[in-house]
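Hi,

Here is the structure I said I would pass on. Have a look, and my notes follow below.

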Amino acid sequence: LLAAFKDKAGILIVDIGEPIVLSGALIGAMLPFLFASLAMLSVQKAAGAIILEVRRQFAEIPGLREGTADADSDKCVAISTKCSVQEMVLPGLYAVLSPVTVGFLIGPECLTGLLAGSIASGMMLALMMAN
């Protein structure tokens, strides 16, 4: 991704010592953590909504605690689907609009730093979250 961008933008040398590139790298290094934290908050909200629904079902459906009645699992699936679509809008907007905004407002050098920073920190974050 970074090499393709450098070729298309005509950037030959990237000097991390330049303040504009360094600021882009710092912004880019922050983005995967922002995205991950927003995703975790989304999971928390969805889990909370499902817990409330399960409690409601235990309170309202007679025989559910004894195992003689069936739970309405479709309602929990609907809550999970609705929450996943609604809550991932903001992280998606950050992921799409951050490079566009930095590229147009600050310039291609800063965008190069942003891409490099997000690739480096995103890779480390992915490795740590996978284990």
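Is glutamate 87 buried, partly exposed or exposed? Glutamate 87 has 22% relative accessibility, so it counts as partly exposed (buried is under 20% relative accessible area, exposed over 50%, partly exposed in between, with a 1.4 Å probe and protein chains only).

Before the rest, some housekeeping. This is a predicted model, where local features need pLDDT of at least 70 and side-chain atom pairs count only at pLDDT 80 or more, while totals for chains, interfaces and linings use all residues. Residues are numbered from 1 along each chain as its sequence is written, and side-chain values use heavy atoms, leaving out hydrogens and water.

Now the salt bridges (a side-chain nitrogen of Lys or Arg within 4 Å of a carboxyl oxygen of Asp or Glu). The whole structure has three. In one of them, glutamate 87 meets lysine 45 at 3.6 Å, N to O. Lysine 45 sits in helix α2 (residues 19–60) and glutamate 87 in helix α3 (residues 73–87), so the pair ties together parts that are 42 residues apart in sequence. Helices here are DSSP runs (H or I, at least four residues), numbered from the N terminus.

Arginine 56 pairs with glutamate 53, with the closest N and O atoms 2.5 Å apart, and also with glutamate 60, again with 2.5 Å between the closest N and O atoms. These shared partners join Glu53, Arg56 and Glu60 into one network. Glutamate 53 is buried at 6%, arginine 56 is partly exposed at 32%, and glutamate 60 is exposed at 52%.

Cheers

Key
Helix = DSSP H or I, 4+ residues; strand = E, 2+ residues; numbered from the N terminus.
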